[in-house]
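Hello,

Here is the structure I promised to pass on. Please open it alongside this message; my notes follow below.

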Amino acid sequence: MKNKAPLFVLAGLIALLIGGALRFTGGQSPPPSPALGSAHQIQWFPLKSNLYANREGELGFKVLAATADQKGLTERYLTHFDFGGGARLVDVIDVSTFEQFGTSDFYRDKAHLYQYYGMADGGRLSLYADVEPSVDRESFVVLNDFYAKDKGRIYYHRGGWIRDADPGSFTTVGQSALAKDRHRYFLFGEAALPEAVFGHLQEICDLADNEPAVAAECRLPKIQPKKTR
């Protein structure tokens with residue numbers, strides 16, 4: 001009977017310590033520290049045009065992805081095409097000739113065209129011939145950050161071939177998502193109604209609500225891109 005009191009006291013102290021730890025961690029065990037040698041510890045070294053390499057001989061395409069709490073961005077490195085299900089970048093890309101078309105989402109090397117499709121998780125890098133099998137690499141040029149063309153087709157950077165566009169008369173409106181051919185206007189890769197065109201012009205030209213947008217694309221020599229989708 002003499003030994004029971006100390007045991008009760010010891011048990012009470014243990015319970016208090018456990019309860020305090022649970023309150024501190026929100027009722028869950030504290031998360032383990034990341035192990036050394038994890039993906040977070042891999043060092044990437046810049047090569048060119050968002051392309052990086054690590055000491056293991058892997059190529060990575062640097063992207064920004066939303067953090068788990070959706071409050072910031074973190075760096076990721078895509079080592080495979082098409083959300084990780086395609087070939088390894090190192091087995092396809094020719095680093096010596098790899099380059100970006102201006103500031104667009106299109107890239108090329110001596111053998112291939114590539115398209116980056118940005119998303120909250122970092123997105124994907126694809127061989128553009130897998131996305132648009134009929135694309136002509138030799139005549140492919142980028143018009144601005146939103147549109148590109150080859151000898152027979154117009155392409156929107158996220159939606160692919162614009163079937164209604166006339167390649168012979170297609171022109172972009174500065175660096176914006178607005179474009180036109182001899183038949184119609186296009187906005188974000190789709191044929192646009194006049195009210196949508198004028199509304200967009202008012203936005204990108206920074207016009208007042210009561211100031212009408214003008215048909216001459218606000219009479220500005222260059223309209224800066226507003227890349228929203």
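**What is in the model**

The protein chain has 3 helices and 16 strands. Helices (H or I, at least four residues) and strands (E, at least two) are DSSP runs, numbered from the N terminus. This is a predicted model, so local features need pLDDT of at least 70 and side-chain atom pairs count only at pLDDT 80 or more, while totals for chains, interfaces and linings use all residues. Residues are numbered from 1 along each chain as its sequence is written, and side-chain values use heavy atoms, with hydrogens and water left out.

Of the 229 residues of the protein chain, 32% count as buried. Buried means under 20% relative accessible area, exposed over 50%, and partly exposed in between (1.4 Å probe, protein chains only). The chain exposes about 14200 Å², with 55% of that supplied by carbon and sulfur atoms. These areas come from the Shrake-Rupley method with a 1.4 Å probe; for residues, only the protein chains shown count as cover. Take the contacts between residues at least 6 apart in sequence: 37% join residues at least 24 apart. Contact means heavy atoms within 4.5 Å.

**Glutamine 115**

Glutamine 115 sits in strand 7 (residues 113-117). It counts as buried because its relative accessibility is 2%. Leaving aside neighbours within four places in sequence, its contacts include Asp105, Phe106, Arg124, Tyr128 and His157. Tyrosine 128 is 13 residues away from glutamine 115 in sequence, yet their C-alpha atoms are 5.5 Å apart. The side chain of glutamine 115 also reaches the backbone oxygen of histidine 157, at 2.7 Å. A polar contact is a pair of N or O atoms within 3.5 Å; within protein, one must be able to donate a hydrogen and the other to accept it, and residues adjacent in sequence count only if both atoms are side-chain atoms.

Glutamate 99 belongs to strand 5 (residues 99-100). Its relative accessibility is 33%, so it counts as partly exposed. Beyond neighbours within four places in sequence, glutamate 99 is in contact with Ser49, Tyr107 and Arg108. The side chains of glutamate 99 and arginine 108 are joined by a polar contact of 2.7 Å.

Aspartate 166 lies in the loop between strand 12 (160-161) and strand 13 (171-172). At 18% relative accessibility, aspartate 166 counts as buried. Its side chain makes a polar contact of 3.5 Å with the side chain of arginine 182. Not counting residues up to four places away in sequence, aspartate 166 touches Asp181, Arg182 and His183.

Which strands form the open sheet, and in what order? There are 4, in the order 13-14-15-16, with antiparallel pairing. Strand 13 and strand 16 (190-191) are at the edges with a single partner strand each, so one side of each has no neighbour in the sheet. Two strands pair if DSSP finds at least two bridges between them. Strand 15 and strand 16 are joined by 2 bridges. Leucine 187 has glutamate 190, in strand 16, as its bridge partner.

In helix 3 (residues 194-204), the buried residues are Val197, His200, Leu201 and Ile204. They cover an arc of only 105 degrees around the axis, so they are on the same side of helix 3. The arc is that of the directions from the helix axis to the C-beta atoms. Strand 14 (178-180) and strand 15 (185-187) are among what covers these buried residues.

Best wishes
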